[in-house]
Protein chains: 4
Amino acid sequence: MSDKLIIGEEKLENRLFTGTGKFPNQEIIPDTIKAANSKVVTMALRRVNFDTPEENVINYIPDNCRLLPNTSGARTAEEAVRIAKIARAAGCGNWIKIEVISDNKYLLPDNQETIKATEILAKEGFVVLPYVSPDLMVAKKLEEAGAAAVMPLGAPIGSNRGLKTKELVRILIDEIKLPIVVDAGIGKPSQAAEAMEMGADAVLVNTAIATAEDTVAMARAFDRAVKAGREAYLAGTGKVKNKASASSPLTGFLGE
Amino acid sequence: MSDKLIIGEEKLENRLFTGTGKFPNQEIIPDTIKAANSKVVTMALRRVNFDTPEENVINYIPDNCRLLPNTSGARTAEEAVRIAKIARAAGCGNWIKIEVISDNKYLLPDNQETIKATEILAKEGFVVLPYVSPDLMVAKKLEEAGAAAVMPLGAPIGSNRGLKTKELVRILIDEIKLPIVVDAGIGKPSQAAEAMEMGADAVLVNTAIATAEDTVAMARAFDRAVKAGREAYLAGTGKVKNKASASSPLTGFLGE
Amino acid sequence: MSDKLIIGEEKLENRLFTGTGKFPNQEIIPDTIKAANSKVVTMALRRVNFDTPEENVINYIPDNCRLLPNTSGARTAEEAVRIAKIARAAGCGNWIKIEVISDNKYLLPDNQETIKATEILAKEGFVVLPYVSPDLMVAKKLEEAGAAAVMPLGAPIGSNRGLKTKELVRILIDEIKLPIVVDAGIGKPSQAAEAMEMGADAVLVNTAIATAEDTVAMARAFDRAVKAGREAYLAGTGKVKNKASASSPLTGFLGE
Amino acid sequence: MSDKLIIGEEKLENRLFTGTGKFPNQEIIPDTIKAANSKVVTMALRRVNFDTPEENVINYIPDNCRLLPNTSGARTAEEAVRIAKIARAAGCGNWIKIEVISDNKYLLPDNQETIKATEILAKEGFVVLPYVSPDLMVAKKLEEAGAAAVMPLGAPIGSNRGLKTKELVRILIDEIKLPIVVDAGIGKPSQAAEAMEMGADAVLVNTAIATAEDTVAMARAFDRAVKAGREAYLAGTGKVKNKASASSPLTGFLGE
């Protein structure tokens with residue numbers, strides 16, 4: 001099937017992005033990512049320990065994955081730009097997920113600083129995926145700033161609360177030409193499927209997989225759910241009706 | 001994996017039940033059922049044309065499927081019993097889905113008549129799957145009456161409105177030992193996944209598949225979604241939180 | 001305004017029914033009921049202590065209220081009938097709310113036994129208000145059995161979970177000619193308003209008022225919310241739109 | 001009761017703000033606003049026809065109301081500032097609702113331009129109420145910029161879709177010290193009550209009232225619903241439970 005997601009110049013066959021945070025130990029990361037069939041994996045640059053290879057999370061990410069270092073820890077555009085450059089210099093490639101967060105409680109992004117960082121990094125050749133609060137005008141500005149995708153949050157990071165911003169995300173899907181990757185908040189496969197059925201181009205799931213009792217099984221479940229949602233979107237879901245409509249003929253079978 | 005659903009004495013590997021109603025033509029039924037990986041397929045006995053084999057819907061159901069004839073058209077327990085016996089005599093096997101419906105608008109079942117029919121047919125050796133409005137006391141009575149499973153509706157038949165009776169279905173899942181198969185109303189794969197994540201044992205989907213633009217793709221989507229929901233249920237979904245919880249460490253990366 | 005609810009032969013001006021259970025003490029009941037403007041008040045017959053007037057809950061119900069004794073504690077139709085007769089003999093009038101419950105965890109009603117009790121008591125001249133799981137066929141049978149209203153649950157008693165059975169209650173409102181009084185589960189004024197906006201004829205609220213920190217203020221809030229919902233229903237709520245529609249003209253103010 | 005909302009230096013007794021757009025004719029505006037008990041009324045400055053008094057909407061706003069002219073039509077901060085100054089010069093007072101919108105389909109605000117306009121106008125002595133997409137970081141910047149309140153949208157203007165941004169608005173209520181006035185999207189009194197129960201300080205409702213069949217009755221309904229929601233918030237709504245909890249004692253009444 002030729003239904004591929006294009007970000008930067010890359011054609012991606014899989015629409016489930018994953019992360020490396022919050023796992024009980026790093027040893028289970030490779031099998032989990034494989035079970036998810038994920039080809040884009042985010043990790044916080046600050047967690048990358050370049051001095052001690054056995055502790056370096058990058059060594060646990062399968063080779064065929066595109067690294068998506070994120071700027072977690074940045075509180076301003078300037079800090080995000082510095083982290084992005086460190087990541088590229090360290091050999092993590094030119095993809096970058098921008099996270100600019102100064103709110104310690106809900107970890108909500110600063111859209112304005114994120115636009116600034118996107119503009120700078122896109123000009124310097126990065127493939128920029130900004131993490132934002134869903135906002136149509138912000139998404140348009142990110143488009144102009146050269147973003148490669150827009151990553152609106154479904155709910156606060158790690159909250160597992162699901163797609164609580166559906167109304168606003170749906171507008172981004174309708175109005176923005178860039179790929180929309182729903183990031184943060186998705187706690188269950190059904191919620192990932194729902195985002196895809198709405199027409200999201202991909203989802204990023206980290207906490208819900210990393211904190212499951214069985215991370216490998218949960219990764220597989222999310223892979224299936226994302227594919228299910230995408231297929232349903234392409235196959236054309238049926239109309240919602242107010243009355244019932246018999247699957248089987250209703251009346252007169254014996255009475256006739 | 002040994003996670004099998006047992007109904008009657010049968011071990012079922014697949015938890016997506018399908019139907020044969022509402023397809024634009026019968027020729028696409030076999031490929032659709034195969035794409036769904038469904039091993040239990042319902043059909044209205046009245047649609048079975050025994051005289052003209054090429055029009056007989058049974059000929060379009062793959063051989064490895066368990067037939068689940070339904071009593072659609074019955075308005076009383078007595079009529080349902082008669083249809084069940086005709087189905088068995090005609091070689092459709094001893095499984096029967098009881099539908100007793102006298103409401104022409106919403107096609108809602110008559111729980112009381114359904115209990116009566118279940119009791120009679122269970123005594124006569126049928127494997128009885130009654131379709132009911134979700135109601136704990138009714139489900140308990142069906143258990144006593146010898147039902148093999150309970151099939152509560154998620155929303156009116158064919159409405160594609162989703163799992164609107166979640167609150168009541170959840171109670172059945174918690175309190176009833178019989179398999180709970182959510183039947184009717186499920187319009188999207190995400191809704192099927194949600195039912196399975198809650199702990200439903202299976203779902204029956206007909207309209208949402210049969211009326212999709214691409215029935216084969218939609219069948220595959222539902223198959224994946226049901227498996228995703230089941231795996232997530234077994235893997236243990238994470239806790240829902242009110243505040244955010246960083247996937248990546250938040251503060252002090254550059255500032256330290 | 002002549003918008004009155006007729007139950008039995010009584011014209012009721014207020015559509016908020018209240019109860020007497022779960023209050024921290026009986027002394028606050030009169031002021032609370034007055035704040036609610038409630039004219040129909042339910043109480044469990046078993047809690048009525050006829051020997052000790054100062055502990056008799058009836059003495060705390062304002063004189064202008066219609067007493068609605070309930071058969072709480074009954075596990076069968078027969079027990080409900082006995083309790084109803086005791087209530088009438090004791091001077092509580094001829095209204096009776098039928099509760100037949102044998103499930104100790106969710107306190108869900110037994111619809112079938114409830115229909116039986118309704119039929120018997122209606123014939124004996126009672127004004128019968130049966131409490132049921134929402135089910136169209138059951139409501140039709142209650143209509144035939146002579147019920148004066150139907151009281152479907154919104155969620156399990158005392159759960160404060162809201163109108164979780166909306167989909168099924170809406171069908172009752174559309175199809176049943178008797179007054180529909182949503183009973184159980186309503187935890188907030190907004191939920192009471194929502195039930196009324198849908199076209200419910202009244203709501204019964206007990207736990208949400210009795211367990212509020214300030215029962216009088218909460219009673220007043222529910223009174224207002226019920227009136228608000230009713231007025232909105234009569235005033236015709238606007239259409240829901242998918243796109244925006246400017247309240248104020250959008251473009252060209254300064255630019256023209 | 002001393003529960004007053006303070007905006008600017010004004011103490012407001014009523015928490016329902018209304019508007020003047022979309023009414024079928026201006027003659028019904030005064031009675032509608034009176035029925036709403038609203039003391040803050042917004043109108044688009046551009047609709048104010050200063051030359052023809054009988055068409056001037058201001059003449060239809062009761063004298064005891066605070067005028068809240070809005071900058072509808074502005075597409076930039078600069079344009080909003082100009083409109084605000086015209087409004088003040090024309091005698092509309094020093095309150096201003098900032099709307100900066102360049103999206104013609106969903107009419108979603110431009111948060112960044114709104115912050116700019118807020119900063120400029122607050123310095124010039126205006127009482128500034130900015131209309132924004134709900135976003136914690138934006139609300140914090142508005143606080144710093146000198147806003148008198150924050151007006152997050154519940155759904156696109158005029159959509160009547162309800163409080164679809166609940167998750168994000170709740171965070172503003174928790175984290176921002178300024179009054180939070182939910183503006184846009186509220187289509188029914190129950191939704192206004194829900195916003196108030198969550199702790200919003202006020203709501204602005206225009207379309208849902210102006211397009212009702214009976215605007216006066218709908219205004220009264222919203223007034224009651226807002227008061228109900230506020231009272232419930234102050235009275236302390238009860239806890240939500242997963243199991244049932246009997247309002248009346250359950251067992252053993254007759255059996256003992």
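User: Which residue forms a salt bridge with B:Glu167, and how far apart are the closest N and O atoms?

Analyst: A salt bridge is a side-chain nitrogen of Lys or Arg within 4 Å of a carboxyl oxygen of Asp or Glu. Here the partner of B:Glu167 is C:Arg161, with the closest N and O atoms 2.2 Å apart. Between chain C and chain B the count is six salt bridges.

User: What should I know about the model and its numbering?

Analyst: This is a predicted model, in which local features need pLDDT of at least 70 and side-chain atom pairs count only at pLDDT 80 or more, while totals for chains, interfaces and linings use all residues. Residues are numbered from 1 along each chain as its sequence is written, chains are lettered from A and ligands numbered from 1 in the order in which they are written, and side-chain values use heavy atoms, with hydrogens and water left out.

User: How many residues of chain C are in contact with chain B?

Analyst: Contact means heavy atoms within 4.5 Å. On that basis, 27 residues of chain C meet 27 residues of chain B. Buried area is the accessible area (1.4 Å probe) that two parts lose on being put together, summed over both. For chain C and chain B it is about 2,300 Å², with 55% from carbon and sulfur atoms. C:Gln112, C:Met137 and C:Glu167 supply 24% of the area that chain C buries there, more than any other three residues.

User: How many residue pairs are in polar contact between chain C and chain B?

Analyst: A polar contact is a pair of N or O atoms within 3.5 Å; within protein, one must be able to donate a hydrogen and the other to accept it, and residues adjacent in sequence count only if both atoms are side-chain atoms. Between chain C and chain B, 10 residue pairs qualify, both residues at pLDDT 80 or more.

User: Which helix of chain C gives the most to the side that touches chain B?

Analyst: Helices (H or I, at least four residues) and strands (E, at least two) are DSSP runs, numbered from the N terminus. On this side of chain C, α3 (111–123), α4 (136–145) and α5 (166–175) each supply at least two residues. α5(C) gives the most, with six residues.

User: Which residues of α5(C) are buried?

Analyst: Buried means under 20% relative accessible area, exposed over 50%, partly exposed in between (1.4 Å probe, protein chains only). In α5(C), the buried residues are C:Glu167, C:Leu168, C:Val169, C:Ile171, C:Leu172 and C:Ile173. They pack against α5 (166–175) of chain B, and also against α4, β8 (151–152) and β9 (181–183) of chain C.

User: What rotation superposes chain C on chain B?

Analyst: Copies are superposed by least squares on the C-alpha atoms of residues with pLDDT of at least 70 in both. Here the rotation is 180°, with 0.0 Å of shift along its axis and an RMSD of 0.0 Å. That is the relation of a two-fold axis. C:Thr165 comes closest to the axis among residues of chain C, at 3.1 Å (C-alpha). The same surface serves both copies, as 100% of the contact residues of chain C recur in chain B.

User: Where is A:Ser190 found?

Analyst: A:Ser190 is in helix α6 (residues 189–197) of chain A. Its relative accessible area is 7%, so A:Ser190 is buried. A polar contact of 2.6 Å joins the side chains of A:Ser190 and B:Glu197.
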